[in-house]
Number of protein chains: 2
Amino acid sequence: MSGRAVTISEVARHAGVAVSTVSYVLSGKRAISADTRRRVLDSVRVLGYHPNAGARALASRRANVIALVLPLRAGVHVPVLMQFATSVVTAARRYDHDVLLLTADEGSDGLRRAAASALVDGLVLMDVELHDSRVPLLRELAEPSVLIGFPADSAGLTCVDLDFARAGALCVEHLAERGHREVALLGAPSVVYDRGTGFARRTREGFAAAVAETGLTGVALPCEENFDQVSTAIAGLLDARPGLSGLVVHNEAAVGHVLGALRQYGRRVPGDIAVVAICPDDIAERASPPLTSVLIPAEEVGRQAVRLLMEKLEGRAVPDGTLLQPRLTVRDST
Amino acid sequence: MSGRAVTISEVARHAGVAVSTVSYVLSGKRAISADTRRRVLDSVRVLGYHPNAGARALASRRANVIALVLPLRAGVHVPVLMQFATSVVTAARRYDHDVLLLTADEGSDGLRRAAASALVDGLVLMDVELHDSRVPLLRELAEPSVLIGFPADSAGLTCVDLDFARAGALCVEHLAERGHREVALLGAPSVVYDRGTGFARRTREGFAAAVAETGLTGVALPCEENFDQVSTAIAGLLDARPGLSGLVVHNEAAVGHVLGALRQYGRRVPGDIAVVAICPDDIAERASPPLTSVLIPAEEVGRQAVRLLMEKLEGRAVPDGTLLQPRLTVRDST
DNA sequence: ACCGAGTGTCGAAGCGCTTCGACTGAGGCG
DNA sequence: CGCCTCAGTCGAAGCGCTTCGACACTCGGT
């Protein structure tokens with residue numbers, strides 16, 4: 001397993017064929033007789049041949065690598081990010097591609113570098129903001145890209161995301177069905193709204209629209225992520241809105257604190273107040289009581305992003321926007 | 001920015017020099033006159049040249065890419081993982097390397113593939129178990145590797161980690177100094193111990209050793225990650241050990257629940273019971289009260305791992321094991 | 001004036017792969 | 001029976017870069 005690596009010409013010699021024949025066996029781009037194919041594949045196995053990635057990339061002008069650009073910022077819930085990342089890697093491997101990890105702090109330069117050096121064939125960007133500075137670059141890059149999240153102007157881009165507006169609405173509708181008349185949304189920390197993060201705002205819009213539509217009353221508040229601030233916010237809310245009986249929480253890091261604060265103030269869930277969360281299933285399940293929730297389908301978003309990117313790499317046309325429909329799972333908190 | 005990419009020969013023509021001269025300017029491997037260097041660099045800038053990664057890798061037998069192998073398992077705290085990952089990427093970029101993301105579910109085959117195809121020059125593995133099946137492969141691979149975490153037999157490998165035994169001991173010593181005589185460790189979920197995860201066991205050993213050394217009494221318990229189980233465990237503990245006044249929590253996902261349970265049973269922190277956590281700072285700070293804690297120096301571990309790998313890539317000798325010393329930050333919980 | 005030792009630059013030979021065009025037989029057709 | 005087609009294979013030309021050896025100067029020492 002050490003020493004110089006096995007090359008295609010050694011395989012060719014071992015199998016008694018030309019180098020190009022080995023290549024065609026491996027790529028399937030030309031017809032090869034069953035007999036030759038078998039001999040070649042045997043040699044590949046016996047010698048433990050792995051094609052050299054650099055040579056392949058150079059000759060074929062395809063690196064078989066895609067870039068995944070991860071954010072590194074406050075207020076993005078990291079476990080969800082990680083789910084995206086692993087689903088992107090897993091999906092990419094199914095298309096025989098690898099994933100190069102870039103961090104957003106390299107900014108546009110990093111993307112340009114990776115693309116221009118042909119290190120990667122395409123890009124998947126996560127946590128795109130409404131007015132993301134990288135978007136103009138993406139439009140002019142020769143390499144195809146897919147965004148997870150929608151910028152304000154998504155024309156000409158390929159974007160995938162959960163339909164957060166629908167998710168916010170779904171929570172309200174669920175509470176309305178259960179007979180609640182006065183509801184509140186505890187959202188992301190205010191810095192996230194200020195930054196112009198699409199999913200936070202869209203959830204709030206969907207919440208507000210559904211409140212209006214169902215004739216409920218409702219407020220939407222940002223929500224910080226430490227216990228004392230959450231506790232204070234809840235106290236204020238309970239005080240200001242004595243009729244409040246339904247809560248939508250869209251903040252993975254705060255759900256635990258919200259439940260703790262309600263417990264602290266003697267409110268029973270769901271007896272006194274019903275809670276719906278928008279968060280990963282494991283957080284909802286691990287809470288007490290287990291929470292009714294709309295989950296972020298991270299696995300599917302990642303998978304779709306890769307699928308779309310692969311289609312673009314094949315030169316096929318893809319839709320600009322792909323919105324995944326949220327699903328609500330009823331547990332014990334409503 | 002689209003169309004065919006700029007090549008080194010276009011740069012050479014533009015600058016009026018040979019291709020090899022451009023290469024030497026860029027790599028610095030031979031002396032070049034200041035004048036020529038300037039002309040070449042100007043051309044590089046004007047044309048927007050980025051060397052083709054595949055060609056470079058092929059010719060130089062160095063991809064300038066390292067692999068980062070992430071686990072995908074229960075009981076590993078994801079935010080910490082993410083901190084490792086980003087610090088590895090950031091550190092690698094400082095050495096002009098990129099990072100290829102591999103997931104542990106591809107197992108040894110994935111590592112072999114990436115290494116044999118010269119996709120990567122070296123490997124960083126995270127969350128290594130005591131009896132990790134990938135370790136034999138690493139030993140025979142021509143490519144250098146660095147492990148984050150220690151397997152049972154680390155001879156001939158390069159490993160980096162926080163000194164968890166020392167971290168466990170440090171927590172006990174701190175509680176002892178504060179006058180506590182009876183302490184408990186709430187650790188990882190039992191599945192993590194069963195799996196043979198080094199850091200969990202080592203913390204427990206360090207805890208036990210320090211308990212013995214300081215003459216305290218103490219128990220170590222695994223700790224699941226949902227509120228009800230934590231609450232039950234705490235109830236049992238308080239019941240069985242009325243004298244208990246110090247708690248060490250080594251489980252990021254459970255610290256919030258532990259505090260919630262103590263609040264539930266009317267125990268004040270730190271009045272009735274002192275709590276020390278081993279967890280990232282943001283979790284400790286966001287708790288109520290903010291927790292005295294030993295942080296996992298994820299950033300430094302990642303940085304050291306990359307530094308060691310780069311040394312090995314240069315052919316230099318490096319120590320087998322690198323243990324980072326823990327530091328305890330006093331906050332309001334002890 | 002001449003040699004030796006740099007110093008700066010060039011040309012060409014690969015690195016290991018893909019892909020194009022060409023070649024060889026075998027088989028189907030008139 | 002000759003011709004065309006097509007499946008199967010081969011050889012060679014790159015892909016864009018690094019690196020080695022060679023070459024042309026300059027310059028200080030004699």
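The legends below describe several close-up views of a predicted model. Local features are given where pLDDT is at least 70 and side-chain atom pairs count at pLDDT 80 or more, while totals for chains, interfaces and linings use all residues of the predicted model. Residues are numbered from 1 along each chain as its sequence is written, and chains are lettered from A and ligands numbered from 1 in the order in which they are written.

**View 1. Chain A as a whole.**
The secondary structure of chain A comes to 14 helices and twelve strands, where helices (H or I, at least four residues) and strands (E, at least two) are DSSP runs numbered from the N terminus. The radius of gyration of chain A, taken over C-alpha atoms, is 25 Å, well over the 20 Å that the globule rule gives for 334 residues, so chain A is more spread out than a compact globule; the rule itself is 2.2 Å times the number of residues to the power 0.38. Along its principal axes, the C-alpha trace of chain A spans about 85 × 40 × 35 Å.

**View 2. The contact between chains A and B.**
Chain A gives 47 residues to this contact and chain B gives 48 residues, with two residues taken to be in contact if their C-beta atoms, placed from the backbone, lie within 7 Å. On the side of chain A that touches chain B, the elements that each supply at least two residues are α4, α5 (78–94), β2 (98–103), α6 (107–116), α11 (227–240) and α12 (255–264), and α5(A) provides the largest share, eight residues. By class, this side of chain A has 25 nonpolar, 13 polar and nine charged residues; Ala, Val, Leu, Ile, Met, Phe, Trp, Tyr, Cys and Pro count as nonpolar, Asp, Glu, Lys and Arg as charged, and the others, Gly among them, as polar.

**View 3. Strand β2 of chain A beside strand β2 of chain B.**
The two strands run antiparallel and are joined by three bridges, where strands pair if DSSP finds at least two bridges between them. A:Leu100 has B:Leu100 as its bridge partner in β2(B). Chain A can be laid on chain B with an RMSD of 0.0 Å by a turn of 180° and a shift of 0.0 Å along the axis, which is the relation of a two-fold axis; the superposition is by least squares on the C-alpha atoms of residues with pLDDT of at least 70 in both copies.

**View 4. The surface near DNA strand C.**
Among the 29 residues around DNA strand C, those that come nearest are A:Ile8, A:Ser20, A:Ala59, B:Ser20 and B:Ala31, a residue being near a strand if its C-beta atom, placed from the backbone, lies within 6 Å of it. Two or more residues come from each of α2 (19–27) and α4 (53–60) of chain A and from α2 (19–27) and α4 (53–60) of chain B, and α2(A) gives the largest share, six residues.

**View 5. The surface near DNA strand D.**
Here A:Ser20, A:Ala31, B:Ile8, B:Ser20 and B:Ala59 come nearest of the 29 residues around DNA strand D. The largest share of this surface, six residues, comes from α2(B), and its residues divide into 16 nonpolar, ten polar and three charged.

**View 6. An open sheet in chain B.**
Six strands of chain B form this sheet in the order β7-β6-β8-β9-β10-β12, with mixed pairing, and its edge strands are β7 (217–221) and β12 (328–329), each of which pairs on one side only. Strands β9 (residues 274–278) and β10 (residues 292–294) run parallel and are joined by three bridges, with B:Val276 standing opposite B:Thr292 in β10(B).
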